[in-house]
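Student: Hi! I have a model open on my screen and would like to talk it through with you.
Tutor: Happy to, let's have a look.

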Amino acid sequence: SASSAATAAAAVGSPSSGSSGAWGAFYEANERGFRALRLRPERLASELAALEESRAALLEAAELPSGWELVHAHRDNAIYLVKRRATRASAASDAASASDAPAASASALLPATDRFGKRLEGRHVSARMSEARLRYLAACAGVEEAARREMQALCDTLSESLPLLAAAAHWALLYSTLSAHVGASLQKGWTLPRLREVEDGERALRVEGVWPYWLSADGAARNSFEWRGLWLLTAPNMAGKSSLMRGTLAAALLANAGLYAPVDDALVPRYDGYFLRTASYDVPSEGRSSFAQEMDDVAVLAAECGARSLVMLDELGRGTSAREGSALGVSLLAWLHERRMSAIFATHLHEMEALLSSPAAPRLPGLARKTMDVSVDDATGKVEFHFTLADGVCTDSLALHAARVAGVPDAIVSRAAALLAAGSATP
């Protein structure tokens, strides 16, 4: 009937009466299982109607004597009556309720027992209430059984189509992800790069207006360049070396995935791997220093990267002495050069330039020197970073400027400057 359907709909939505306090907790404990299935109420109309009737009967049976209140016992899955602690407010409330309507008799209450049949001190039930509770629990079990039958019938219907449904879910997720990517990319001003053909032997990466993917197009400095072979990138602290490397690698990866990238335009080779090595930290639990972690990264590079890989090495060798770190850096440059790998090696180890010019150094005709454009006013010492790539070699990392920006006390920075000027600073 229309009334029973309305009753069923109300039951599926949420408990319609007595849904707060002890009643709310009791209903939640017994009904959350089948309510979470979100079945249409008309599929369980008769069972839900019986549940609503049993709930109403339970509420009616739980008539409170004056001075008593209801509590929910989760472990026993029951509602008990207990005497309310006397306060002035409760005494006034009891007096008012006693004058308005006849109270239920406390003498009709029976001692309550737990789920093991053990008597509970201070807790009581009435015979009507116990009977109504059992009827309510039976109604809940009826709804659960009906819901289980409905779900099993649905599973039986869909079982033959599960491979198709799994494929549809996979493609739906893929399409929704692509749609979100395209929408966000267009909003950010990203464009779709071009990929070189598979058979194209040219390994140059050409980018116009690449910027870090975590910055907005309006607030970021853009770089345009053609990169092939091996670069040695030296620049002051905070000049943007790491940002350039991360942004370029991300753009190349996105291009190879057929996705939008933070560039105005780009022509990207097809890479078979991407290697980005950044700062390392020690792992005391494994007995490994930060330099040991760096060397682990180099071992991974040597084992997994080849001529068609894109490699970014950021400040490798800083975990050991400048002399040994520089020697390892030059040796790694030679190893990369011999394998015709596309790599950018960023460093503050200026001693590498001296080693590269030494008679014992390997010849690296394919090595290009790059830096980041920085302006320094000799009169005022003011430093201006342009965050743009340029040809050249940096011989001053501007570490003292970075220290001042970080808030290092002036006394420390000034003494370091004096030591440098006197030529007595430790290399």
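This is a predicted model: local features need pLDDT of at least 70, side-chain atom pairs count only at pLDDT 80 or more; totals for chains, interfaces and linings use all residues.

Student: How do strand 6 and strand 7 pair, and over how many bridges?
Tutor: Strand 6 (residues 205–210) and strand 7 are antiparallel partners, joined over 4 bridges. Two strands count as paired if DSSP finds at least two bridges between them. Helices (H or I, at least four residues) and strands (E, at least two) are DSSP runs, numbered from the N terminus.

Student: Which residues sit on each side of strand 11?
Tutor: Ser309, Val311 and Leu313 are on one side, with Leu310, Met312 and Asp314 on the other, and all of these are buried. In a regular strand, side chains alternate between the two faces of the sheet.

Student: What about strand 10 and strand 11, parallel or antiparallel?
Tutor: Strand 10 (residues 273–277) and strand 11 run parallel, joined by 5 bridges. Leu276 stands opposite Met312 in strand 11.

Student: On to helices. At what angle do helix 2 and helix 5 pack?
Tutor: Helix 2 (residues 21–35) and helix 5 (residues 127–158) pack at about 20 degrees, with axes 8 Å apart. Axes here are lines fitted to C-alpha atoms, for helices over the stretch in contact, and angles run from 0 to 180 degrees between N-to-C directions. Helix 2 and helix 5 are therefore roughly parallel. Angles under 35 degrees count as roughly parallel, over 145 as roughly antiparallel, 65 to 115 as roughly perpendicular and the rest as oblique.

Student: Which residues make that contact between helix 2 and helix 5?
Tutor: From helix 2 there are Phe26, Tyr27, Asn30, Glu31 and Phe34, and from helix 5 Arg133, Tyr136, Leu137, Cys140, Val143, Glu144 and Ala147. Contact means heavy atoms within 4.5 Å.

Student: How do helix 3 and helix 5 cross?
Tutor: The axes of helix 3 (residues 45–61) and helix 5 come within 8 Å and cross at roughly 160 degrees. That makes helix 3 roughly antiparallel to helix 5. Among the residues in the contact are Leu48, Leu51 and Leu58 of helix 3 and Met129, Ala132 and Tyr136 of helix 5.

Student: New topic. Which way does the phi of Asn77 go, positive or negative?
Tutor: Asn77 has a positive phi of about 50 degrees although it is not a glycine. Most residues other than glycine have a negative phi. Asn77 lies in the loop between strand 1 (68–73) and strand 2 (78–83), and is partly exposed at 22% relative accessible area.

Student: And what is the phi of Met238?
Tutor: Met238 has a positive phi of about 70 degrees and is not a glycine either. Met238 is in the loop between strand 8 (230–234) and helix 7 (241–256), and counts as partly exposed at 42% relative accessibility.

Student: What does Asn237 touch?
Tutor: Not counting residues up to four places away in sequence, Asn237 touches His348, Phe385, Ser397, Leu398, Ala399 and Ala402. The C-alpha atoms of Asn237 and Ala399 are 6.4 Å apart, although 162 residues separate the two along the chain. Asn237 is in the loop between strand 8 and helix 7.

Student: Last one: where is Ser185, and is it buried or exposed?
Tutor: Ser185 is in helix 6 (residues 162–188) and is buried, with a relative accessible area of 1%.

Key
Residues are numbered from 1 along each chain as its sequence is written. Side-chain values use heavy atoms; hydrogens and water are left out. Buried means under 20% relative accessible area, exposed over 50%, partly exposed in between (1.4 Å probe, protein chains only).
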